[in-house]
Amino acid sequence: MKKKILIANRGEIALRIIRAVQELGYTAAAIYEKPDNEALHIRAADEAVCIGDGPRVDYLNINKVIAAAQKVGACAIHPGYGFLAENPAFAKACEDAGLIFIGPASEVIENLGNKVIAREIMAKANIPMVPGTSNLTAGEAGTAEAVEFGRKYGYPIMLKATSGGGGRGIRRIETEAELVESIPLARSEAQAAFNDDRVYLEKVVLTPKHVEVQIIADKWGTVLHLGTRDCSIQRRNQKLVEIAPSLIKDQKLLDTICQTAVVAARAANYTNAGTVEFLVDHEMNFYFMEINTRVQVEHTVSEMITGIDIVRTQIKLAMGKKLSFSQDDVQLRGHAIEMRINAEDPQNNFMPEGGKTVSVYRSPGGYGVRLDGFVYQGYKIPEVYDSLLVKLTVHGYSWNETVDRMRRCLHNFVIAGPKTTIPFYQNLVNDQDFQNGQFDTSYLETHEHLFEYTDQRTEVNKIARLIAEIHFRQENPYAI
Amino acid sequence: MEHIIQGMSIKEVLSTIRGTDGYFITNTARDLSQSDFKNRILLHTDLLAAPAREKAKYLSLEITGGASIHVDILRKQVDPFLKLKLLREKMPNTMFQTLCRGVNLFGYRPYPQNVIRQTVREFAKYVDVWRVFDFLNHIPNMQAVFEEVQAAGKILEPSICFSTGPEHTNDYYLSKVAEILAVTGDDILLCIKNHGGLGTPKRIGSLVEAIKGKFPDLVIHYHGHNTDGNDVGRITAAVLNGAEIIDAADHAFTGYYGPPPILTVIDTLKDYGKNPATVDVEAVIETSEVLRNEREHYDYFESQFKGFSPTVQIHKLPGGAMGSSFEQAVKGGFLDQMPRILHEELPKVQIELGNWWSVTPGSQIIWTTAVSNVLGGERYGNPSGDLKNLLLGKYGPFPFYQPADWIYEKVFGSDWQDILAKEGGKEDIEDIDLEQERASLTKRLGTEPTEQQLVLYLQHPNDAVDFFKFEEEFGHVYVLPPSVFLRRGGYEVGETIHFKDHYGKEHIIEIGPKQLDKNEGKWNIYLNVDHQQRIYSFQEESAAATAAKAPEISGKEITELAQTGDMRAPFSANVCDIKVEEGQQVKAGDTLLIMEAMKMQTPVNSEVDGTVAEIFAELGQSLKAGDKLLQIEIA
């Protein structure tokens, strides 16, 4: 009987995984919440199970997902990203239920998910880290520790919730007075949000580049990297544009970062695919940030420059296979850019366009173009899930060629109905600093002109509207 | 013989004409469109004709001006400047000609000097020959335009408007020509503007002969209309007596009230030994071969009355107003009254008001006065604001005689002499603050307007803004052929429409089905646009909503309501000015707002003393008779 893999996710990543599963000759089983009953991943999968009325509760319900896997007779579960992907309890539940969890072991997820434990592991392995404290002692003593840290490293510093993540539970502190005042507040907030009032401090690295390394590791002790990615272009810690490899000119530094990532992964006993994230400051110092224990949205750019199918590799490694290639076999060729085309209005604080219908969808094609999408003509932007429509990834020999290709693709992309991030990206690819690879995490704040565009409907669409109107009225106001 | 081309100076043009034996032809395409097709011939059609018209080597192509600028933005949805730019690309040599109403520019009432100058400057970038006239032949009314055209180095063609009657002697016209030359100098073309196609060939020949006798070097351009079917006769007489330039049009589109066919003129004059200096007859024929297929799409805009109208010699309506007059008669339901209006009342009003020239805007004043005299029952009982201004001399002095006292009394009441003494005479219209206008247009558009947009806005503020918004929403629609843009009754399912857009890209639109979405109460129109299905949704218009828009209310009720302070629109019209603000004190007789219909403005006056409690009407709003204007609380 063919092996069956349950995909515990939705959206473009569900489709991405289904493709890999089917290419391997396995059967792909999807799950869905009711609001997703028209979704494309159900059509693409070989079978699908409705796990509840949702929204965003059943996809997060470990028992229901495990039950669905057992019901369809799956031997493995791929969690994708988001939802249960980095929940150690879910990985543990899979292990307990005799299902293969496609990802690292549950205790690895648990350790790396806890910022303080993760820092301890990395400290032991001599991984460079942003200066920081361990969990602050409760009460006055903790405040005293914090004040001492501030005096030693200077401000600004970050006050972080130990159980926070994804940009949540973080506050930036500018002065000692603010620090003293904020600690109790941060504790009570963390208690409310994460049921864990522990907090710690970290020095702020001003306007760093966000550089990360794609790691793959088998269960036989081999850890390889697939080069770097630069994900500096973000808004409020959410990535918008990712490129591979990093455009940092110092190749030795990049090699060092990659080696460090491999050491970090080893130190964490990491298996399967993961991402080691670093900050790189203006003096080219780099600091470990965290390890993401899942497939990343932006894994496509690494695939494009290495030719390695990361999701396929994930599945094989989870099945206990050895890596079939060595670090020397991993060759980085050219450049790749991924842009997340979201149904959002960049001019209105990236407000999602939930509820609108995609009336026209025409995607670009041709050499070096890859689309990972979930959208089709008639697709209604869900109000209860995320607003990612499609990831546009392009690959080129040189950086300039890659930017040119991206510009052409954005120009060819027609999505009518919701507002999208396309016009914003069109400004981006025409920006001198972007073209020169000069960007860090402050890029959006310092490039406000990117938000200046008028949302132009195409000329033909305007004229077609007039024809539709004349046809609808059966009376032509311009002919009377 | 050197062809006269765009870019030549007036001196080169004059010396070429004077050194040539033959006569020159202006292809009067705009006047043809205005007279016989209600100004609706589309840029698409003119672009089709452009290559052949260019080859035909006319002296000029009259393609803008008159009412066309307003109709361009109001109905044809084309930018009058873009039109000239696109035609210029296809016609690099032919001079473009305009018709400008002097102080009234391309509109119906006098504009401030700075608006006139700004407008002429902007259009002069595209227009080579400027025919300028004033319906009272009051030369100072044309002064500003003269100056700007000459300053721009363009060809100035002042006009003497022509009409018939005892006052219209050669001596009178000679004095007018002298008056023009004193202002412009000798380097002009002189137009004899026979907008009604009045008089006999003999009369026109005599006038040309008289002018040539006194001003032998003056180049004369005869402009006529074929309303009575005999303009070829008048043209022939004009040329035989020395006119160098004449107006005619492409025969595929000639109708009843516009210029006569170019070929007929050429053939007729040939027998007298007169030949056109440059015109390529083959290209003239080719133009009509191209145009002939287009005419059927304009059928709806042709005159409701078919046939020549030789009684024009009685009613004297200009060719440009014939089609629209019959249209108003049909739409207003008074077609049966037309013989009385045309043959009895119009000639009477014409004489009563001074026997000046029935051409815009004077022709509209005569026409609306005659219509209102016949339909209203009481002659001069319901005078328009424009008639009042005319009688007060706001357009200029009466050339021959002032209308009789009883008309003034009827229009202004018993103290008419005081009013005339106090308010009479031409007043200088104050310059408007152009920067303030630009700022208010910027506010309405949401972006900084171009100079050209500002100029269009200064002509017709509300219509210009509507047009700019239309273009923003529907794009450059001149690319659509008349068979599509002027289609009545919708399209056929499966029909395909091919066009090349403004930017040169080819498109294909296939008409798909219509479907009522009952849940959402909207209609979905399916179109295949470049092989991609698109859906356009429209709200279903309910019968109840339509009914709510049209209050049923009689004229008597409107008057009665006005006496209670409830002011309603007295007739279907646009609100073109609101004179009062909420909270303002008003007296009976005070003007509250001004309504405009059929290009004529009529003030709506308070019937009561009181305070303006609420204003419902909005500037530019199109209202039906009985719609609420404002409420006055009686003091």
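This is a predicted model: local features need pLDDT of at least 70, side-chain atom pairs count only at pLDDT 80 or more; totals for chains, interfaces and linings use all residues.
Chain A holds an open sheet of 5 strands. Their order is β3-β2-β1-β4-β5, and the pairing is parallel. β3 (47–52) and β5 (100–101) of chain A stand at the edges. Each has a single partner strand, so one side of each is left without a neighbour in the sheet.

Strand β4 of chain A covers residues 76–78. It is joined to β5(A) by 2 bridges, and the two strands run parallel.

## Where the chains touch

Chain B puts 35 residues into the contact, and chain A puts in 21 residues. On the chain B side, four elements each supply at least two residues: α22 (461–474), β10 (506–517), β11 (522–529) and β12 (532–539). Which of them gives the most? That is β12(B), with 6 residues.

The side of chain B that touches chain A can also be sorted by class. It has 18 nonpolar residues, 9 polar ones and 8 charged ones.

## Domains of chain B

Domain 1 spans 10–301, domain 2 spans 489–540 and domain 3 spans 544–634. The C-alpha centres of domain 2 and domain 3 of chain B are 40 Å apart.

## A helix with two faces

Helix α8 of chain B runs over residues 170–184, which makes 15 residues.

The buried residues of α8(B) are K176(B), I180(B) and T184(B). They cover an arc of only 60° around the axis, so they sit on the same side of α8(B). The general rule is simple: an α-helix has 3.6 residues a turn, so residues three or four places apart point the same way.

What do the buried residues of α8(B) pack against? Their partners are α7 (143–151) and β5 (155–161) of chain B. The face of α8(B) turned away from the buried side carries exposed residues: D171(B), A178(B) and A182(B). Just after α8(B) comes G185(B), which takes a positive phi of about 80°.

Key: Residues are numbered from 1 along each chain as its sequence is written. Chains are lettered from A and ligands numbered from 1 in the order in which they are written. Domain bounds come from an automatic or database domain assignment. Two strands pair if DSSP finds at least two bridges between them. Two residues are in contact if their C-beta atoms, placed from the backbone, lie within 7 Å. Ala, Val, Leu, Ile, Met, Phe, Trp, Tyr, Cys and Pro count as nonpolar, Asp, Glu, Lys and Arg as charged, and the others, Gly among them, as polar. The expected span of a helix is 1.5 Å times one less than its number of residues. A residue is buried if 20 or more other C-beta atoms lie within 10 Å of its own, exposed if 12 or fewer, and partly exposed in between; C-beta atoms are placed from the backbone. The arc is that of the directions from the helix axis to the C-beta atoms.
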